[in-house]
Amino acid sequence: DVNLSLKEKSGFIVFDSLANERIEADGQWDSEQSVGSVLKPFLISFFADLKKNKISKIKPEWDCGQLTPARIEWTYKKALSYSCNGFFLDSKFEPEELTKYTDALNMIAKKSYSAKWLNPADLIGLWPTIKLNLLDLAKLYDYIIENDPETISILKQTPKEGTLSGVSDSKWFVE
């Protein structure tokens, strides 16, 4: 049963980053899973090319949300709000930036990923290479909160303008 297997894999964690402790957790919060797009905000802190505007291409990976696939200029803020894979895939990740990113990811999540073996599809979660548990993700987002609060403010706008704006419960996210 698909619903049963999905339920078995779900979980949550409430983490107090100031005390560095788990307050509450339930379900499979400690099982590692592919990260999907949730690392895109973490990438913003490390790669300079992500802050440059890009012109979209008429390709499937640039079909981002309800926006037309026409060639338009995208900022990283809009790309993050719409979780636009094309924007991130068309970015240039310098080797020294990738090393700093990987070192930070490994230090925070206690992993051993190699910058030599990661490509943009790995970094944005299109390929299931990077696997983390919910506590690892909480720690990564704590890093973003402390080091790049502007990115967090962009994410807070997603229910108003972005992928979540079309969801029927987007008002709940805003509130």
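## Aromatic pairs and a cluster

Rings of Phe, Tyr and Trp (its six-membered ring) are taken to pair if their centres lie within 6.5 Å. In this predicted model, the structure holds 11 aromatic pairs. One aromatic cluster is formed by Phe 42, Phe 46, Phe 47, Phe 93, Tyr 101 and Tyr 143.

## Phe 46 and Tyr 143

How are the rings of Phe 46 and Tyr 143 placed relative to each other? Their centres are 5.8 Å apart and their planes are at 10 degrees, so the pair is stacked; planes under 30 degrees apart count as such.

Tyr 143, at 22% relative accessibility, counts as partly exposed, because buried means under 20%.

## Phe 87 and Phe 88

Phe 87 and Phe 88 form an edge-to-face aromatic pair, 5.7 Å centre to centre and with 75 degrees between the planes. Are these two residues buried or exposed? Both Phe 87 and Phe 88 are buried.

## Charges over rings

Phe 87 also has a lysine over its face: Lys 54 lies there, at 4.4 Å from the ring centre. At Trp 74, the charged end of Lys 78 sits over the ring, 5.0 Å from its centre.

Methods: Residues numbered from 1 in each chain as written. Predicted model: local features only at pLDDT ≥ 70, side-chain atom pairs only at ≥ 80, totals over all residues. Heavy atoms only, no water. Phe/Tyr/Trp six-rings, centres within 6.5 Å; stacked < 30°, edge-to-face > 60°. Buried < 20%, exposed > 50% of the residue type's maximum accessible area, 1.4 Å probe, protein only. Lys NZ or Arg CZ within 6 Å of the ring centre and 35° of its normal.
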